[in-house]
Amino acid sequence: MQITASAISLNVDDVTASATFIKQHFGFHEEMSADGFVSLSRPDAGFNLIFLCIGLETFKPIQMRGHRVDGLLIAFVVDDIDTEYARIQAEGVAITTSIETEP
């Protein structure tokens with residue numbers, strides 16, 4: 001098997017606002033979009049980040065339509081966390097968890 005692409009897909013209330021946030025603060029760009037859907041990427045991420053509108057009729061499996069995922073974490077590893085943290089704060093992003101160094 002050869003994997004040619006990877007993606008993380010999230011159900012959100014507002015696809016446009018979610019995509020705008022990721023593009024503005026994390027440098028992703030839009031690869032494709034449709035009503036209730038957007039796929040974002042950046043060359044060094046290794047995956048596409050997809051936002052789907054909650055309740056989208058085409059969402060499969062149907063029993064998951066309209067549900068969010070609890071406890072999902074998307075992590076980006078960067079060379080200088082202190083600089084990126086300061087940049088995000090300066091851009092007005094609400095920080096809900098402070099950075100900490102772990103062993």
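Helices here are DSSP runs of H or I with at least four residues, and strands are DSSP runs of E with at least two, numbered from the N terminus. By that count the protein has two helices and four strands. The model is predicted. Along the sequence the elements follow the pattern β-α-β-β-β-α.

- The four strands make an open sheet with the order 1-4-3-2, and their pairing is mixed.
- The edges are taken by strand 1 (7-12) and strand 2 (29-34); each has a single partner strand, so one side of each is left without a neighbour in the sheet.
- On average, neighbouring strands of this sheet are turned by 20° against each other, with direction ignored.
- Six bridges join strand 1 and strand 4, which pair in the parallel sense.
- Ser9 has Ile50, in strand 4, as its bridge partner.

**Helix packing**

- Helix 1, residues 15-26, packs on the sheet and touches strand 1, strand 2, strand 3 (37-41) and strand 4.
- The direction of helix 1 makes about 160° with that of strand 4.

**Nonpolar surface patch**

- Phe76, Val78, Ile81 and Ile99 form a nonpolar patch on the surface.
- Together these four residues have about 300 Å² of accessible area.
- Val78 sits in the loop between strand 4 (48-53) and helix 2 (81-90).
- Val78 has a relative accessibility of 37% and therefore counts as partly exposed, the range for that class lying between the 20% limit for buried and the 50% limit for exposed.

**Loop between strand 3 and strand 4**

- Asp44 is located in the loop that runs between strand 3 and strand 4.
- Asp44 counts as exposed because its relative accessible area is 55%, and the exposed class covers values over 50%.
- The C-alpha atoms of Asp44 and Phe28 are 9.8 Å apart in space, while the two residues are 16 residues apart in sequence.

**Whole-chain totals**

- The protein has 103 residues, and buried residues make up 24% of them.
- The protein exposes about 7700 Å², of which carbon and sulfur atoms supply 54%.
- Among contacts with a separation of 6 or more, 43% are between residues 24 or more positions apart.

Notes. Residues numbered from 1 in each chain as written. Predicted model: local features only at pLDDT ≥ 70, side-chain atom pairs only at ≥ 80, totals over all residues. Heavy atoms only, no water. Patch = residues over 30% accessible without salt bridge, like charges linked within 9 Å, V, L, I, M, F, W, Y side chains within 5 Å. Areas by Shrake-Rupley, 256 points an atom, 1.4 Å probe, with all protein chains shown as cover. Salt bridge = Lys/Arg side-chain N within 4 Å of Asp/Glu carboxyl O. Buried < 20%, exposed > 50% of the residue type's maximum accessible area, 1.4 Å probe, protein only. Pairing = 2+ DSSP bridges. Axes fitted to C-alpha atoms, helices over the stretch in contact; angles between N-to-C directions. Contact = heavy atoms within 4.5 Å.
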